[in-house]
Amino acid sequence: MRKILLGAVGLLGFLAVWQLLPALGLVDRHDLPYATDVFGRLFHEVRDLAFWRRLRLTMTSWAIGLTVATLAAVGLGTVVGLVPFLRRATHTTVEFLRPVPSVALIPLAVLMFGLQMRAALVIIVYAAFWQVFVQVIYGVADVDTVARDTARSFGLTRYERLRYLVLPTALPYLMTGLRLAAAVALILAVTAEMVIGNPGLGRMIELSRSAGDAVGLYGLVVVTGLLGVVVNVVFRFAERRSLAWHQSVLADEATR
Amino acid sequence: MTALGAGRTAPRGLGVRVAEDVLYAVGLPVLAVGLWAVWSTRSANRFLVGPRPLLDAFRQTWIGPAFVDDVLPSVYRLLAGLFASIMLGVAAGVLIGRFRPLREILEPLLEFFRAIPPPVLIPVAMLLLGITDTMKVVVIVSGAIWPILLNTIEGVRATDSVMLETADSYRISRWERVWLLILPAASPRIMTGVRQALSVALILMVISEMFASSAGLGYRIAYFQRNYLIAEMWSGILLLGLLGVLLAVAFGVVERRVLRWYHGMREVTRA
């Protein structure tokens, strides 16, 4: 209760400062519009179908990119993680490709696919893939040796070993990777729209900027922030739910 | 390594083992470049270039005045942004982590700010600061500071309470407590945050230059693409990749030094 109250105080304080900065003339009203103006505009936008259409486009490329990246990363990561030879042979390649900033590929994607959602998807998939892939490799390789030997001596089949041994071990890693990938995919979905110009919230931000519409710009920044919060909260919840049986979550609950 | 594995590798000589490691490390990259070279001579896709033209373009584009005009300013902004992020993030993180009321007041705000996709702040920074170097550094800080700040807060909160109370009863001054106890205790988490911040900072360096610049790596690459200078564009992508790898390697070295005590402690507890 105290936490919620103090949190609300913080939020209100921030909004008050935002309102006061242009009101007192500390920042030009054209550079930082009143908070009330921004939220007024947002309230107006939310009743406009065009806003929701843009939101849908952004979230569509986010969802497609995240799904493709996750499927590819889980498939490849499981194979590479389970075979020591592959793990060793791919190590340097992975370590070289992973830090390549995905935005460096934007020009290439634009040349190959034009100013379309496909170009944005290349960037999103590339960035999100590594987050999941690396976690899956670690997770799959983390199987307890005693548990593995036990499973062998009890004669579990390959499928059973995957299902009852590898999957539960790798699941916490996978969920962490998924949570990180979801956040990264959202960042790149919006970024791609800003730079490439495929329709969506990001392009609207760029258009507001070039039109000098500060009120609309700040409103959209708030919207993307809220979107990010929703994505974080949903994936954190999913992580806790799917790992309800896991020691880390159980221990957390016990101390509460 | 299990005992079985050690027994198997021990009889072989050191040279064999080193050769094997090297083979594993360069095998796949060499294979990939080879395939790429063969394929590029047969493929008619004009957006892809072979390794040889790429290397030529790399040498002609980046070695020379472009290095001073485009690469160094970018790297300088990147490092300045990272430095400021670490300083501000750690300082604010210690403060927020130590004072519970402050943490509770700021929690929803921090949750919101770190969820904003950082590139969205570029237009905002352009409005408030104009198209300047400061603006680009501020953009980098506005994105890279969050992982450092949040990890520092968590690390500071997790400081061993017995040690804190010991420090209290020995009347260790506030400064010394922060410097000798809290910061070291939080350093593993801080380093985790810094590693995440590296990739964010690099992305923001590129994007901010693609948006608002007439020089810099991001600007150059976008320029090459718009003018269909394909090999040059690829060389820019390669350079950014190298920069990313270099940052990761440098970070690895620093992390091993800073956290040597921590890794050593973990080994001991595991054994």
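Start in the loop between H10 and H11 of chain B, where B:Tyr228 sits. This is a predicted model, by the way. B:Tyr228 is not a glycine, and still its phi is positive, about 55°. Is B:Tyr228 buried or exposed? It has 11 C-beta neighbours inside 10 Å, so it counts as exposed. The cut-off for exposed is 12 or fewer.

There is another case in chain B. B:Arg171 lies in the loop between helix H8 (161-169) and H9. Its phi is positive too, about 55°, and B:Arg171 is not a glycine either. Around B:Arg171 there are 7 other C-beta atoms within 10 Å, so this residue is exposed.

Now the two chains together. How many residues of chain B are in contact with chain A? The count is 44, and they meet 43 residues of chain A. Several helices of chain B each supply at least two residues to that side, including H2 (14-42), H9 (174-211) and H11 (230-258). Which helix gives the largest share? That is H5(B), with ten residues. By type, this side of chain B has 35 nonpolar residues, six polar and three charged.

Cross over to chain A. Helix H10 (residues 214-242) has 29 residues. From first C-alpha to last, H10 of chain A reaches 42 Å, close to the 42 Å expected at 1.5 Å a residue. Some of its residues are buried, among them A:Leu217, A:Tyr218, A:Val221 and A:Leu227. What covers the buried residues of H10(A)? The cover includes H2 (35-46), H8 (158-195) and H9 (201-210) of chain A. It also includes H5 and H6 of chain B.

A word on confidence in chain A. The mean pLDDT is 87, and 97% of the residues of chain A reach 70 or more. Among the elements of chain A, helix H3 (residues 49-82) has the highest mean, 93. Helix H11 (residues 247-255) of chain A has the lowest, 65.

Last, back to chain B and its domains. The domain assignment gives domain 1 (12-42) and domain 2 (51-270). Their C-alpha centres lie 33 Å apart. UniProt, in an unreviewed entry, lists residues 71-255 of chain B as "domain: ABC transmembrane type-1". That span is 87% helix and 0% strand. Its end C-alpha atoms lie 25 Å apart.

How values were computed: Residues are numbered from 1 along each chain as its sequence is written. Chains are lettered from A and ligands numbered from 1 in the order in which they are written. This is a predicted model: local features need pLDDT of at least 70, side-chain atom pairs count only at pLDDT 80 or more; totals for chains, interfaces and linings use all residues. UniProt positions are given in the numbering used here, feature names are shortened, and annotations may be inferred rather than shown by experiment. Helices (H or I, at least four residues) and strands (E, at least two) are DSSP runs, numbered from the N terminus. Two residues are in contact if their C-beta atoms, placed from the backbone, lie within 7 Å. Ala, Val, Leu, Ile, Met, Phe, Trp, Tyr, Cys and Pro count as nonpolar, Asp, Glu, Lys and Arg as charged, and the others, Gly among them, as polar. Domain bounds come from an automatic or database domain assignment. pLDDT is the predictor's confidence in each residue, from 0 to 100. The expected span of a helix is 1.5 Å times one less than its number of residues. A residue is buried if 20 or more other C-beta atoms lie within 10 Å of its own, exposed if 12 or fewer, and partly exposed in between; C-beta atoms are placed from the backbone.
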